[in-house]
Amino acid sequence: MGEFSDRIRKMSTKNYRKPTKDIEFECSNCLNSFTFVYNDICLNKQGDIEFMPEPACPRCGSTVDIIFSDFAQEKIEDMLFSGQIRRIK
């Protein structure tokens, strides 16, 4: 009886991919699209997402004109719902 569940567990772990620490951003200043690799991500007390280090556009250096790409927005939502982003108290 446990044979079926063992097969399913083995199949799911075989296809498991460790979450990557990269997010796609778009810069509204220079219209650049880029992938940012971060060391840590968390929610601050106000509920805003913080990256360590802070993301910046590699072309123009802006830190205020960058926004998540559509794909990154979905990835962040998935990370929030699955508990992969910790909260700072």
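Biologist: Leaving aside neighbours within four places in sequence, which residues is Phe-51 in contact with?

Modeller: This is a predicted model. In it, Phe-51 touches Ile-23, Phe-25, Phe-36, Tyr-38, Asp-40, Ile-41, Phe-68 and Ile-76. Contact means heavy atoms within 4.5 Å.

Biologist: What makes Phe-51 part of a nonpolar core?

Modeller: Core members are joined through side-chain atoms within 4.5 Å. Phe-51 belongs to the largest nonpolar core, which has 15 residues. Among those with the most contacts inside it are Phe-51, Ile-23 and Ile-76. Strand 1, strand 2 (33–37), strand 3 (40–43) and helix 2 (70–81) each give two or more residues to this core.

Biologist: Why is Thr-20 called partly exposed?

Modeller: Its relative accessible area is 45%. Buried is under 20% and exposed is over 50%. The value for Thr-20 falls in between, so Thr-20 is partly exposed. Thr-20 lies in the loop between helix 1 (2–14) and strand 1 (22–27).

Biologist: What makes the link between the side chains of Thr-20 and Lys-75 a polar contact?

Modeller: The cut-off is 3.5 Å between N or O atoms. The Thr-20 and Lys-75 side chains are joined at 3.0 Å, so the pair qualifies. Thr-20 and Asp-22 are also joined through their side chains, by a polar contact of 2.5 Å.

Biologist: How do you know that strand 3 and strand 4 pair?

Modeller: Pairing needs at least two bridges. Strand 3 and strand 4 (residues 49–52) have 4, so they pair. They run antiparallel. Cys-42 has Glu-50 as its bridge partner in strand 4.

How values were computed: Residues are numbered from 1 along each chain as its sequence is written. This is a predicted model: local features need pLDDT of at least 70, side-chain atom pairs count only at pLDDT 80 or more; totals for chains, interfaces and linings use all residues. Side-chain values use heavy atoms; hydrogens and water are left out. Buried means under 20% relative accessible area, exposed over 50%, partly exposed in between (1.4 Å probe, protein chains only). A polar contact is a pair of N or O atoms within 3.5 Å; within protein, one must be able to donate a hydrogen and the other to accept it, and residues adjacent in sequence count only if both atoms are side-chain atoms.
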